[in-house]
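Happy to walk through a few labels with you.

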Amino acid sequence: FKTISFKQLMDSLDDYDQQYIEISGKYEEDKGISALVNDSLFTGSADGSALWVDFSQDCPLYLSGTHQGLFEYNDGNFTQINDKKITLRGVIVLRSKGKNDRYKATIERVSLVKL
């Protein structure tokens, strides 16, 4: 995995197509939104400054030191990651632009989420 800044990725996205990267940003989720953004200016309408995040069922993500899945319902709640700074590892896919093709690219095959 190559660690890259959000700005560097967006400035040279073509160079990272089909590459495994590690990137940090703020995760935004809502109805129809699963996005990694650089800052708090994201309004829910992708303007080319966000990545679609495609969490795959093929790669279960567990909370560190536990058998608790990141997306499992536990103690009446899901693990809250909305509006939090996170680090993701995955593959950048330029041909996939997320919901309604509104995103710059997609990060797929997410294998690590650091909160």
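Here are some questions and answers about this predicted model.

Q: Why is the pair of Phe 1 and Tyr 20 called edge-to-face?
A: Their ring centres are 5.6 Å apart, and pairing asks for centres within 6.5 Å.

Q: What makes Phe 1 exposed?
A: Phe 1 has a relative accessible area of 52%, and exposed means over 50%, so Phe 1 qualifies. Tyr 20, with 42%, is partly exposed.

Q: How do you know that the charged end of Arg 89 sits over the ring of Phe 1?
A: That charged end is 5.3 Å from the ring centre of Phe 1, and the distance limit is within 6 Å.

Q: Why is Glu 22 called buried?
A: Its relative accessible area is 10%, and buried means under 20%, so Glu 22 is buried. Glu 22 lies in strand 2 and touches several residues, including Lys 2, Thr 87 and Lys 114. Its bridge partner in strand 5 is Arg 89.

Q: What makes strand 2 and strand 5 a pair?
A: They share 8 bridges in the antiparallel sense, and pairing needs at least two.

Q: Why is strand 5 described as largely enclosed by the rest of the structure?
A: Of its 10 residues, 7 are buried, so the description holds for strand 5. Strand 5 also runs antiparallel to strand 6, joined by 6 bridges, with Arg 89 opposite Leu 112.

Technical notes: Residues are numbered from 1 along each chain as its sequence is written. This is a predicted model: local features need pLDDT of at least 70, side-chain atom pairs count only at pLDDT 80 or more; totals for chains, interfaces and linings use all residues. Side-chain values use heavy atoms; hydrogens and water are left out. Rings of Phe, Tyr and Trp (its six-membered ring) pair if their centres lie within 6.5 Å; planes under 30 degrees apart count as stacked, over 60 as edge-to-face and the rest as tilted. Buried means under 20% relative accessible area, exposed over 50%, partly exposed in between (1.4 Å probe, protein chains only). A charge sits over a ring if NZ of Lys or CZ of Arg is within 6 Å of the ring centre and within 35 degrees of the ring normal. Helices (H or I, at least four residues) and strands (E, at least two) are DSSP runs, numbered from the N terminus. Contact means heavy atoms within 4.5 Å. Lists of a residue's contacts leave out its neighbours within four places in sequence.
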